[in-house]
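Here are my notes on this model, point by point. Please read them with the structure open.

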Amino acid sequence: MSEEIDVEFEQEVAEFYQSLGIHQGPGDMQYRIILRVLGRNEGKITEFSDIRKYTDQFADKGSIGSKMKTVFQLEGLVEKVKRGGYVITDKGVTAYNFLKDSTAFYKKNKRMGEIIERMP
Amino acid sequence: MTAGLLLNATICFAITLSSFAFAWVLARSEHEHSDKSKPALWALVILWSLVGLTYLPTTIRMIAAYMDMPILDFMMYNLAIIPFSFVTVPLVFFIMYVIVGEKRISAYTSMLFVLFGVSYLVFLYTKGVIGPEVSTFSSIFMINSDVAINIYLMGLFVIPTAMIIGLLFLIFLQRMPKRLRYRTALPLVAISFVFDFMLTDMITLVDAMQLAARIFVLIGTVQAFLAYFPPLTLQEKLGIKRYPYELYEQEIDIDKEIDEEEEDIDV
């Protein structure tokens, strides 16, 4: 899982889900980026700085820390193994797979929308 | 000569008229389409015009066969196969453009089918045709070149048909509103109908099959018309009618609305 994370694309996908009234999970930009970084580092420790490398472009440190605590740690998607170090759990990998499916659904929907747009 | 030939001529004339009318109506509705769908729209206009141009000389051919004029029949056959050979060009452009969305790629791909069309014509004209063989219902020519028939089958028939089926699958596999499904799938089914039966019409050596193929081409043209301009009763039956509504505008007081909803729940 060493894929690149495209912040702009994730923003686009999150906005799509927000437009469907889904503001959390796949519609939450912070959730998407954090989970992407965690999923990419499966089996390794994810440093908080790894996450901030992407999230600093659109969110402050405090809100990301809060999200880690109130969503990821609370729901058992990650386990804190040291100060500023997290490991994704099996449940977290399930969430990551769901996130990937949500991206695939967005791409499929977008492609089909474009096809329909081009049909006279 | 028999009245069967006149029936054949009438069907051909009906195809000519309806496909020209459809092409004209489509061209006239240009302003209703977005810039993105205009290239596909014009490809469709050309496609339906070529169908009309194929069946106009074919109508004269059938009348010539009825009046026992084999030379005119032969001349009209040679004329009809020119637009027929290029029917695949706008069709391939249409499908490629709808799927890929790139005008240039679609144009290059359809140019390949111009080559198929030209080589088909070259082989057909150089080797000639055998006929006409006039029967109760039809006048048939036999293509005297195996290469032409192979080009015809592979280049003009199999590939474009596979493309239509592929696009249809793409649409059927996707969940979408009924209205959109009808609007996208039915024109493709209609085009496929017309296209495949036109090819059957041109290659068959059985007179009844030729007549049947032409009836199906006519059905396909009507189907295409219904796809773009469905009558009200059909819209109601299929559940694709757009409900006419106006937006209800009122200053929204969310707290009040929530209170009202809660009251409703209590009741």
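1. Start with the loop between α2 (38–66) and α3 (70–85) of chain B, where B:Asp68 lies. This is a predicted model. B:Asp68 is not a glycine, yet its phi is positive, about 60 degrees. The residue is exposed, with a relative accessible area of 54%.

2. Next, the packing. The largest nonpolar core has 68 residues. Those with the most contacts inside it include B:Leu26, B:Trp48, B:Tyr120 and B:Met198. The most is given by α2(B), with twelve residues.

3. How much area do chain A and chain B bury between them? The value is about 1,400 Å², with 70% of it on carbon and sulfur atoms. On the chain A side, A:Arg118, A:Met119 and A:Pro120 lose the most area to chain B. Together they make up 53% of what that side buries. Ten residues of chain A contact 23 residues of chain B.

4. Now the polar side of the interface. One salt bridge is counted between the chains. A:Glu117 forms a salt bridge with B:Lys36, and the closest N and O atoms are 3.7 Å apart. Five residue pairs are in polar contact between chain A and chain B, both residues at pLDDT 80 or more. By class, the chain A side has five nonpolar, one polar and four charged residues.

Terms used:
Residues are numbered from 1 along each chain as its sequence is written. Chains are lettered from A and ligands numbered from 1 in the order in which they are written. This is a predicted model: local features need pLDDT of at least 70, side-chain atom pairs count only at pLDDT 80 or more; totals for chains, interfaces and linings use all residues. Side-chain values use heavy atoms; hydrogens and water are left out. Helices (H or I, at least four residues) and strands (E, at least two) are DSSP runs, numbered from the N terminus. Buried means under 20% relative accessible area, exposed over 50%, partly exposed in between (1.4 Å probe, protein chains only). A nonpolar core is a set of buried Ala, Val, Leu, Ile, Met, Phe, Trp, Tyr and Cys residues joined through side-chain atoms within 4.5 Å. Contact means heavy atoms within 4.5 Å. Buried area is the accessible area (1.4 Å probe) that two parts lose on being put together, summed over both. A salt bridge is a side-chain nitrogen of Lys or Arg within 4 Å of a carboxyl oxygen of Asp or Glu. A polar contact is a pair of N or O atoms within 3.5 Å; within protein, one must be able to donate a hydrogen and the other to accept it, and residues adjacent in sequence count only if both atoms are side-chain atoms. Ala, Val, Leu, Ile, Met, Phe, Trp, Tyr, Cys and Pro count as nonpolar, Asp, Glu, Lys and Arg as charged, and the others, Gly among them, as polar.
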